[in-house]
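I opened this model to look up its fold, its cores and a handful of residues. My entries are below.

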Amino acid sequence: MPIDWLVLLAALTSGLLGGLHCAAMCGGIATGLSATAPGGGWSGALQLNLGRVGGYVLAGLIVGTFGHGLVTVLRDPWIGIVLRALAGAALVVVALRLLGVRALPGFLSRPGARAWSWLQPLQRRLLPADTPPRRLGIGALWGWLPCGLSFSLLTVAWLQAHPRNSALTMLAFGLGTLPVMLPLTWSGQRMGRWLQRPGLRTGAALVVLAMGLLTIAAPWLMRVPALHDLLSALGCQPLP
């Protein structure tokens, strides 16, 4: 299965500008985790955030493997089109979240919340996070913390139905969050409040919304000769 660059770009944009939306929510968590990593400074903040991105990638790999198994069992030429349309719909949900709408259905968030209840006791074993391995470990647990935006992107990753592409989707999202979350982890909540820009958040939502709708419509739009090569280069697949 080719890499879907359109979905990766949407995931990166969601992380980059969604980080502004999440700064208020994650500011306290980032500051608290930084406080548990004494003497880390910038390197400690980097280790915590690299661990968080690694947690995202691992989650993407797991759900992508499950999705790939499902596609293998079904063996239907239309399943890829259906999954792509659902991935586009999930990106629309991401856009709504960036606009402040609680659009994630509850049944999609329950598995992640359950996984966190299993993982949370591991956090105590990693404290104090005073060494690089402990910081990476507690950062990875941070990546599994229940969060509407990351769960929305994880749904998109699952619908990629491919271990590599699903992991890449979450990697793109995680890397997109670093420009905001890395200095936020180091400096605390004051920077998070400073970063709140309604215009940027709305702009990000509109970009992700457009990408979601394009993801849904791409198989049909590829029938237009002028758009076929461009959409094909972005990893879109034509109708069977």
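The entries run from the whole chain to single residues.

**Ground rules**

I am working with a predicted model, in which local features need pLDDT of at least 70, side-chain atom pairs count only at pLDDT 80 or more, and totals for chains, interfaces and linings use all residues. Residues are numbered from 1 along each chain as its sequence is written, and side-chain values use heavy atoms, with hydrogens and water left out.

**Entry 1: whole chain**

I looked up the secondary structure and got 10 helices and zero strands. Helices (H or I, at least four residues) and strands (E, at least two) are DSSP runs, numbered from the N terminus. Along the sequence the pattern reads α-α-α-α-α-α-α-α-α-α.

I then looked up burial: 46% of the 240 residues count as buried. Buried means under 20% relative accessible area, exposed means over 50%, and partly exposed is in between, with a 1.4 Å probe and protein chains only. The accessible surface comes to about 11,400 Å², and carbon and sulfur atoms hold 71% of that. These areas come from the Shrake-Rupley method with a 1.4 Å probe; for residues, only the protein chains shown count as cover.

For contacts (heavy atoms within 4.5 Å), I took pairs at least 6 apart in sequence, and 81% of them join residues at least 24 apart.

**Entry 2: nonpolar cores**

A nonpolar core here is a set of buried Ala, Val, Leu, Ile, Met, Phe, Trp, Tyr and Cys residues joined through side-chain atoms within 4.5 Å. The largest has 35 residues, and those with the most contacts inside it are Leu98, Leu149, Leu153, Met170, Phe173, Val208 and Cys236. At least two residues of this core come from each of H1, H2 (41-74), H3 (79-98), H6 (148-160), H7 (163-187) and H9. H3 gives the most, with eight residues. Another core lies apart from it and has five residues, among them Leu126, Ala129, Ile138 and Leu141. As background, nonpolar side chains tend to be buried together in soluble globular proteins.

**Entry 3: the H4-H5 loop**

I checked two residues in the loop between H4 (106-125) and H5 (132-143), starting with proline 128. Proline 128 is partly exposed because its relative accessible area is 46%. Its C-alpha atom is separated by 9.7 Å from that of isoleucine 138, 10 residues apart along the chain.

Alanine 129 is in the loop between H4 and H5 as well. Alanine 129 has 0% relative accessibility, so it counts as buried. The C-alpha atoms of alanine 129 and glycine 139, 10 residues apart along the chain, are separated by 9.6 Å.

**Entry 4: alanine 161**

Most residues other than glycine have a negative phi. Alanine 161 sits in the loop between H6 and H7, and it counts as buried because its relative accessibility is 1%.

**Entry 5: threonine 215**

Threonine 215 lies in H9 (residues 198-221). Is threonine 215 buried or exposed? It is buried, since its relative accessible area is 1%. A polar atom of its side chain lies 2.7 Å from the backbone oxygen of methionine 211. Leaving aside neighbours within four places in sequence, I found threonine 215 in contact with Leu6, Val7, Arg84, Gly88 and Leu91.

**Entry 6: leucine 168**

Leucine 168 is in H7 and is partly exposed, with a relative accessible area of 26%. Not counting residues up to four places away in sequence, leucine 168 touches Ile3 and Leu8.

**Entry 7: glutamine 237**

I looked up glutamine 237 in the segment after H10 (225-233). It is partly exposed, with a relative accessible area of 39%. Its contacts, leaving aside neighbours within four places in sequence, are Pro2, Ile81, Pro219 and Met222. The C-alpha atoms of glutamine 237 and aspartate 4, 233 residues apart along the chain, are separated by 9.0 Å.

How values were computed
A polar contact is a pair of N or O atoms within 3.5 Å; within protein, one must be able to donate a hydrogen and the other to accept it, and residues adjacent in sequence count only if both atoms are side-chain atoms.
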